[in-house]
Amino acid sequence: MTLRLLKSFALSVDQNRVPISSSAQRLLAFLALQNMPRSRTYVAGMLWPDVTASRANANLRSSLWRATRTGHQVIDASAQELAICKHIDVDIHVAATRAHRLLDMSRPCDDILTAQTREDLSADLLPEWSENEWVLVEQEQYHELRLYALEAMTERLTAAGRHGEAVAAGLAAVRAEPLRESAHRVLMNAHLAAGNRGAALRQYEQCRRVLLEELGLEPSQTLRNLVPAHSGGGDAAIPAPSGSGGAATPTPSGSGGAAPELPTRRIVCHPASEVHHPASQTPAQGTDTSAPAGTVPA
């Protein structure tokens, strides 16, 4: 039995979808993301925070009953605790494990430098579920983890000379977070390693337009140095921001051409210590436009 939480919810047995009610879906997804047994009181309070305790407990009992209607045992329930059954494979557990391996630069991981890994890391957690706070926190944690992992994957593939795959991984990182400067940087390095200076320069220009129009910022000096340092084209190869001399410099927006359309995504800033998740070692909340890949905070 498999449970898919990336892209959308799906419970399957031998690749056949198992019908399950929406309330049972949320209960199963919540337990899968906890990765440990949870008390009934805790589960009820997290899933139904806006009702009385008695009403939340009643909702929990109803969802448990609906889960049994699938005809399969999916939840281990005792008088005190609940947990997802251990025989269920959860896709985000596999993806998070691979992400942490990619971020551990002290060890090789050639066996997971695959299109399947890139595809898994290109998908967000339950993107259509945004009505509950617990979902938003889990979404943000996995989003940050997969961004760092995609950047690390790009760097590993670039170092291995697998330039086409490196560019694909870098594009996935940029697509997931167009304002993330470190994603543009690893993609530019992949283009440069392949000898495609023009592609690297176009990527720089795209990054510059997006940062200017969305944040009123110029790219950092680190990114501006990339193309001249590799191409030998000198600073004239890249337009220099007015009055800049170091890190990202605020600049009035509105300059440059049309920027790519950006996805809308809520940023939730909650202490990571409040969340129990297989990706609990993910970096801090928020968008980092400059931190290098593979330097995720512990």
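**Entry 1: the model.** I am working with a predicted model.

**Entry 2: α4 and α6.** I looked up helix α4, residues 91–103, and helix α6, residues 133–159. Their axes come within 8 Å and cross at roughly 50 degrees. I therefore note α4 and α6 as oblique to each other. The crossing of α4 past α6 is left-handed. Next I asked which residues make the contact. From α4 I listed I92, A95, A96, A99, H100, R101, L102 and L103. From α6 I listed Y142, L145, Y148, A149, A152, M153 and R156. I sorted the residues of this contact into twelve nonpolar, one polar and two charged.

**Entry 3: α6 and α8.** I then turned to α6 and helix α8, residues 181–193. They pack at an angle of about 15 degrees, and their axes are 9 Å apart. That angle makes α6 roughly parallel to α8. I found a left-handed crossing here. On α6, the contact uses E151, T154, E155 and T158. On α8, it uses S182, A183, V186, N189, A190 and A193. This contact has four nonpolar, four polar and two charged residues.

**Entry 4: the largest pocket.** How much space lies in the largest pocket? I noted about 440 Å³. It is lined by 20 residues, and T2, L3, R4, D91 and D120 are the closest to its centre. I checked which elements give two or more residues to the lining. They are β1 (2–4), β2 (10–13), β7 (89–90), α4 and α5 (115–121). The lining divides into seven nonpolar, four polar and nine charged residues.

Definitions and conventions: Residues are numbered from 1 along each chain as its sequence is written. This is a predicted model: local features need pLDDT of at least 70, side-chain atom pairs count only at pLDDT 80 or more; totals for chains, interfaces and linings use all residues. Side-chain values use heavy atoms; hydrogens and water are left out. Axes are lines fitted to C-alpha atoms, for helices over the stretch in contact, and angles run from 0 to 180 degrees between N-to-C directions. Helices (H or I, at least four residues) and strands (E, at least two) are DSSP runs, numbered from the N terminus. Angles under 35 degrees count as roughly parallel, over 145 as roughly antiparallel, 65 to 115 as roughly perpendicular and the rest as oblique. A crossing is left-handed if the near helix is turned anticlockwise from the far one by less than a right angle, and right-handed if clockwise. Contact means heavy atoms within 4.5 Å. Ala, Val, Leu, Ile, Met, Phe, Trp, Tyr, Cys and Pro count as nonpolar, Asp, Glu, Lys and Arg as charged, and the others, Gly among them, as polar. On a 1 Å grid over the protein atoms alone, a cavity is a set of points where a 1.4 Å probe fits but cannot get out, and a pocket is an open set with protein on both sides within 12 Å along at least five of seven lines; lining residues have an atom within 4 Å of a point. Grid points are joined across faces, edges and corners, and a volume is the space filled by probe spheres set on the points.
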